[in-house]
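Student: Hi! Could you walk me through this one?
Tutor: Happy to, here it comes.

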Amino acid sequence: MQIVERFVSINGEGAHAGEPAAFIRFHGCNLNCSYCDTRWANNVLTPTADYTPEQLAKWVRNKRVINVTLTGGEPLLQDELDELIRLLTIQGNRVEIETNGSIALDSLAHSAHRPVFTMDYKLPSSGMEIAMRKDNFRLLCPHDTVKFVAGTLTDLEHAHYLIEEHNLDRLCHVYLSPVYGKIDPAEIVRFMLENKMNRVRMQLQLHKFIWSPNKRGV
């Protein structure tokens, strides 16, 4: 498995934001979002290290951290992901996958070692909405998350439509987050209040406020 970094920090976003977590960041992504903040991890020139699922599970075990976040890039592009999740789960870890919404979740969603999904839905300003798989919505459970990263009012309006159309706020956690530096978080709050989005949460990326927004390994 091609890894660009491993580290222990706190979850910067999602339902377990603020909790310690072991992060494993995979190399490569099938999308090219306009606001991507980990584009470096997708570059073919970025140095990678090859690890087996067994080696990664042992690394996590030695860190004595319960939460594990598999991120990227796009983790679902990794051939041995199912085996890594299995090993982490049987050793007692809570496994969360941050996925970009363009790859089918069926196989992992029906796995005996089902992970927690934090699934992005790419809104219009990302330039990647055409790649989104709305059929993934039906596979989500109450402990999963759909995350909408908004950079414009149009993005917010489209997210609101999708939430209502698919009853997402009744299926799982739903978060609205700003594209860093592109939209005032207060505008998102105002939009939520005006549209009575009672089961939706606005969330900022904690790590970008604790450390430099471009700092790696946090």
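Tutor: One term to begin with: contact means heavy atoms within 4.5 Å. This is a predicted model, where local features need pLDDT of at least 70 and side-chain atom pairs count only at pLDDT 80 or more, while totals for chains, interfaces and linings use all residues. Residues are numbered from 1 along each chain as its sequence is written, and side-chain values use heavy atoms, with hydrogens and water left out.

Student: Great. Which residues is E96 in contact with, leaving aside its neighbours within four places in sequence?
Tutor: Those are V68, T69, L70, V116 and T118. E96 itself sits in strand β5, residues 94–99. Strands here are DSSP runs of E with at least two residues, helices are runs of H or I with at least four, and both are numbered from the N terminus.

Student: Is E96 buried or exposed?
Tutor: E96 counts as buried because its relative accessibility is 2%. The scale is: buried under 20% relative accessible area, exposed over 50%, partly exposed in between, with a 1.4 Å probe and protein chains only.

Student: And what does its side chain join in a polar contact?
Tutor: The side chain of T118, at 2.5 Å. A polar contact is a pair of N or O atoms within 3.5 Å; within protein, one must be able to donate a hydrogen and the other to accept it, and residues adjacent in sequence count only if both atoms are side-chain atoms.

Student: Switching topic: how many residues has the largest nonpolar core?
Tutor: It has 54, and L70, L81, V146, F148 and L176 have the most contacts inside it. Helix α2, residues 81–90, gives the largest share of this core, 5 residues. By nonpolar core I mean a set of buried Ala, Val, Leu, Ile, Met, Phe, Trp, Tyr and Cys residues joined through side-chain atoms within 4.5 Å.

Student: What about V146, beyond four places in sequence?
Tutor: V146 is in contact with residues including M119, Y121, F137 and L168.

Student: Now the backbone. Where is the cis peptide bond?
Tutor: From G72 to G73, with omega near 15°. G73 is in the loop between β4 (67–71) and α2.
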